Amino acid sequence: MGNTIRGVVAFIPSEKCQTFLVGELKEMPIDRMVDLSGRQLRRFPLLACRFSELVKLYLSDNHLQSLPQELEGLSKLQILALDFNHFRELPQVVCSLKQLNILYLGNNRLHSLPWELSLLTELKALWIETNYFSELPAVISQLANLKTLHLGYNQLRSLPEELGRLKELRSIWLSGNLLSEFPPVLLEMHFLDVIDVDRNRIRRFPSLAHLRGLKLVIYDHNPCVNAPAVSEGVRRVGRWANNTEEAGEEKGNRDEQPPPPADTKELPAEE
């Protein structure tokens, strides 16, 4: 019954109704964080914009499709969670939040990102998993300080060479896409710690032994006939992970192919 009431009140823009949904919000929280996740919000409560010192804002699991220009007043915001909403495009005002370190955009309806995202020069972690991207947005290659990139469960078939410009990138997560070959650009990114290509369509893996920074490679649930060769100490997660590449190829000729990729995903934990 409570959720039903919230769902009805969410359509009413009056300040009294907004207070019912988000609480009083009279004073700046001590931890400079506001969590409005799961409140069935259909519009952003302007009450939150009065806290110019806010550092973390969580708006996950609502019904938001847009954000007001007043949000730019939260100029010290470092973490913004907009995942599990109804965004079809990224609100431009997000690109004015120059101090953002972490941006969660997963589980929306995005198919592109604006070039203004490149203005977020402090961005270090970007989640855009479970959207409608059929190719990697070009602006991502302009995010020079990006360290973590979550691209899982989109419709990506390849990665552009420009991705190699991201010299600070340490982990890339590509599970649940449509990759039919291991992206060649990743073979040149020696600084990567983690590569996840779980649940794709890759049949044969190249050697990754030359990637000296690599610590973990996840390649399970691919119709592969071999395991990627890696240098000593690198953890592999997938078929024949504890065997040699040659043993994996021999066994792969006899084994049945794994089932097709599942279309499910858990929400990643905050870094």
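Of the 271 residues of the chain, 49% count as buried, where buried means under 20% relative accessible area, exposed over 50% and partly exposed in between, computed with a 1.4 Å probe on protein chains only. The model is predicted, so local features need pLDDT of at least 70 and side-chain atom pairs count only at pLDDT 80 or more, while totals for chains, interfaces and linings use all residues. Residues are numbered from 1 along each chain as its sequence is written, and side-chain values use heavy atoms, with hydrogens and water left out.

**The whole chain**

Start with a cartoon view. The chain has three helices and 10 strands; these are DSSP runs numbered from the N terminus, with helices being H or I of at least four residues and strands E of at least two. From the N terminus the order is α-α-β-β-β-β-β-β-β-β-β-β-α. Among contacts between residues at least 6 apart in sequence, 28% join residues at least 24 apart, a contact being heavy atoms within 4.5 Å.

**The cores**

Select Ile172 and Leu186 next. They have the most contacts inside the largest nonpolar core, which has 72 residues. A nonpolar core is a set of buried Ala, Val, Leu, Ile, Met, Phe, Trp, Tyr and Cys residues joined through side-chain atoms within 4.5 Å. This core draws at least three residues from each of domain 1 (28-132) and domain 2 (136-240), with bounds that come from an automatic or database domain assignment.

Which residues does Leu186 touch, not counting those up to four places away in sequence? They are Leu159, Leu163, Ile172, Leu174, Leu192, Ile195 and Leu211. A second, separate core has seven residues, including Tyr58, Ile79, Ala81 and Ala125.

**A buried charge**

Move to Glu116, in the loop between strand S4 (102-104) and strand S5 (125-127). Glu116 is buried and has no salt bridge, a salt bridge being a side-chain nitrogen of Lys or Arg within 4 Å of a carboxyl oxygen of Asp or Glu. Its nearest side chain of opposite charge is Lys98, 11 Å away; Lys and Arg count as positive and Asp and Glu as negative, with His and the chain ends not counted. Leaving aside neighbours within four places in sequence, Glu116 is in contact with Gln92 and Cys95.

**Aromatic rings**

Three aromatic pairs are counted. Rings of Phe, Tyr and Trp (its six-membered ring) pair if their centres lie within 6.5 Å; planes under 30 degrees apart count as stacked, over 60 as edge-to-face and the rest as tilted.

Select Phe205 and Tyr219, an edge-to-face pair with 5.4 Å centre to centre and 65° between the planes. Phe205 lies in the loop between strand S8 (194-196) and strand S9 (216-218), and Tyr219 in the loop between S9 and strand S10 (235-237), so the pair ties together parts that are 14 residues apart in sequence. Both residues are buried.

**Salt bridges**

The count of salt bridges is five. Select Glu53 and Arg32, whose side chains meet in one of 3.9 Å, N to O. This pair links distant parts of the chain, 21 residues apart: Glu53 is in the loop between strand S1 (33-35) and strand S2 (56-58), and Arg32 in the loop between helix H2 (15-22) and S1. Glu53 is partly exposed at 33% relative accessibility, and Arg32 is partly exposed at 35%.

Finish at Arg199 and Asp198, which meet in a salt bridge of 3.8 Å, N to O. Is Asp198 buried or exposed? Asp198 is buried, with a relative accessible area of 13%.
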